[in-house]
Amino acid sequence: MGLLHKNAGRFSVSDQGAIAVEFGLIFPVILVMLLGIVEASAAISANLQVQGAARTGAHFGLVKPPVQGDMSPIISATRAALPAGWVSGNTDTAAKVAVSITCECELTGPVVCGTPCAAGEQSLSYLNVDVSKVYTPIVALRYFSPTFEFKNSSQVRLK
């Protein structure tokens with residue numbers, strides 16, 4: 001018992017290895033924070049790319065309106081604004097682009113395109129570009145791997 005008591009005092013005063021212990025305790029916290037920042041910025045970037053593609057498609061449709069209901073040039077312009085890996089590849093995670101035209105009368109509201117409005121009402125046409133992309137986090141956890149979908153729409157009035 002005397003030997004143990006004599007050596008115990010020596011260890012309580014020593015601070016060798018304290019930095020290594022502190023580093024071992026704080027490193028996992030810093031690593032989780034760093035991975036969280038990387039994950040959040042990747043998600044924000046993906047959302048901004050979806051938003052930018054929807055706006056690009058709507059702008060293209062405004063500059064070159066669809067002719068006889070052919071939406072393929074607008075869809076192509078929208079897809080060109082997306083990263084190449086999002087357009088081609090796995091169909092489950094590929095970006096989806098939908099383009100449509102909606103019509104309405106100025107006072108009475110939505111109508112089927114081509115239907116005449118009441119006397120004195122103006123017919124309005126809108127181009128809608130919808131872009132969606134399934135986002136899978138970079139850091140996948142073993143039992144919890146959420147995926148969510150970024151969606152964005154852009155609408156412009158044609159006439």
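**Reading a helix and a sheet**

Author: Helix 3 (72–80), helix 4 (84–87), strand 3 (123–135) and strand 4 (148–157) are among the elements that cover the buried residues of helix 2, where contact means heavy atoms within 4.5 Å and buried means under 20% relative accessible area with a 1.4 Å probe, protein chains only. Helices (H or I, at least four residues) and strands (E, at least two) are DSSP runs numbered from the N terminus. This is a predicted model, in which local features need pLDDT of at least 70 and side-chain atom pairs count only at pLDDT 80 or more, while totals for chains, interfaces and linings use all residues. Residues are numbered from 1 along each chain as its sequence is written, and side-chain values use heavy atoms, leaving out hydrogens and water.

Reader: Which residues of helix 2 are buried?

Author: They are Glu39, Ala43, Ala46, Val50, Ala53, Ala54, Gly57, Ala58 and Gly61.

Reader: What span should the 46 residues of helix 2 have?

Author: The expected span is 1.5 Å times one less than the number of residues, so helix 2 (residues 18–63) should span 68 Å, and its end C-alpha atoms, 67 Å apart, agree with this.

Reader: How do the strands pair, and what is their order in the sheet?

Author: Strands of a sheet pair through backbone hydrogen bonds, either parallel or antiparallel. Here, counting a pair if DSSP finds at least two bridges, an open sheet of 4 strands has the order 2-1-3-4 with antiparallel pairing, and strand 2 and strand 4 are its edges, each pairing on one side only. Strand 1 (residues 96–105) is joined to strand 3 by 10 bridges, with serine 100 partnered by asparagine 128.

Key
Buried < 20%, exposed > 50% of the residue type's maximum accessible area, 1.4 Å probe, protein only.
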